[in-house]
Amino acid sequence: MGYALANELASLGAKVVLVCGPVPELPLHHSVRMIRVQSAQEMHDQCTMLFAAADGAVMAAAVADYRPAAPAKGKIRSSAEKLVIELEPTPDIAAQLGKIKKSHQFLIGFALETSQDLIKARQKMVNKNLDFIVLNALNEPGAGFSTETNKITIIDRQNKITPFELKSKSEVARDILTYLAEHIL
């Protein structure tokens, strides 16, 4: 969805910077500037720095919620011992941007939930100071990750729920940007 949104925004004339992790590279509009990062901290730092001068941000995907608390310096040799890996939370980039968001900026987030979808997505929107949230339909055939299609529901600050049918990701991106233009900008 991030690539589809970046392409649609660029085709509308927006200056777009796409910050992404180690994901497969897909075709991008010639004017999209891409910044690749390797860690959640690098993504946090880039997004925070870029957001200060931006009109807004679309947080199309979350990095991992946790990382190893003490990463190994080298290879962990196999042994008969049971390994325990302690995890710590990664920075919540959308929440950080929500804290520093100015009145002229917009902030859109995504939610992927497996139960109580609408309740959890609404809470996430409020907690992170998002203008609206896009709920992905993970359990729908043809939606979610590693597909060319997606099915979403947009939830806004007025608790308006707008469901969309299964569509190509570029059509979903246009739906999201149309909603942004009609309700936020």
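Which residue stands opposite F132 in β7? I108 does.

## Model and conventions

This is a predicted model, in which local features need pLDDT of at least 70, side-chain atom pairs count only at pLDDT 80 or more, and totals for chains, interfaces and linings use all residues. Residues are numbered from 1 along each chain as its sequence is written, and side-chain values use heavy atoms, with hydrogens and water left out.

Helices (H or I, at least four residues) and strands (E, at least two) are DSSP runs, numbered from the N terminus.

Strand β7 spans residues 132-136. Five of its five residues are buried (under 20% relative accessible area; exposed is over 50%, partly exposed in between; 1.4 Å probe, protein chains only). In a regular strand the side chains alternate between the two faces of the sheet. Both faces of β7 are covered: F132, V134 and N136 lie on one side, I133 and L135 on the other.

Two strands pair if DSSP finds at least two bridges between them. β6 (residues 106-112) runs parallel to β7, joined by five bridges. β9 (residues 152-156) runs antiparallel to β7, also with five bridges. Here T153 is the bridge partner of L135.

β6, helix α4 (residues 117-127) and β7 form a right-handed β-α-β unit. Right-handed means that, with the strands pointing away from the viewer, the path from the first strand over the helix to the second runs clockwise.

## Helix α1

Helix α1 covers residues 2-11, and its buried residues are Y3, A4, L5, A6, E8 and A10. Their cover includes β1 (17-20), β2 (33-36), β3 (56-59), β6 and α5 (169-183), with contact meaning heavy atoms within 4.5 Å. Just after α1, G13 takes a positive phi of about 100°.

## Salt bridges

The structure holds five salt bridges (a side-chain nitrogen of Lys or Arg within 4 Å of a carboxyl oxygen of Asp or Glu). One of them joins R174 and E8 at 3.0 Å, N to O. R174 lies in α5 and E8 in α1, so the pair ties together parts 166 residues apart in sequence. R174 is partly exposed at 39%; E8 is buried at 13%.

D92 and K128 meet at 2.8 Å, N to O. D92 sits in the loop between β5 (87-89) and α3 (93-100), K128 in the loop between α4 and β7, 36 residues apart. D175 and K167 also pair, at 2.7 Å, N to O.

## Cysteines

The disulfide count is zero, by a cut-off of cysteine sulfur atoms within 2.5 Å. For C20 the nearest cysteine sulfur, that of C47, is 10 Å away. C20 is buried at 8% relative accessibility, and C47 is buried at 12%.
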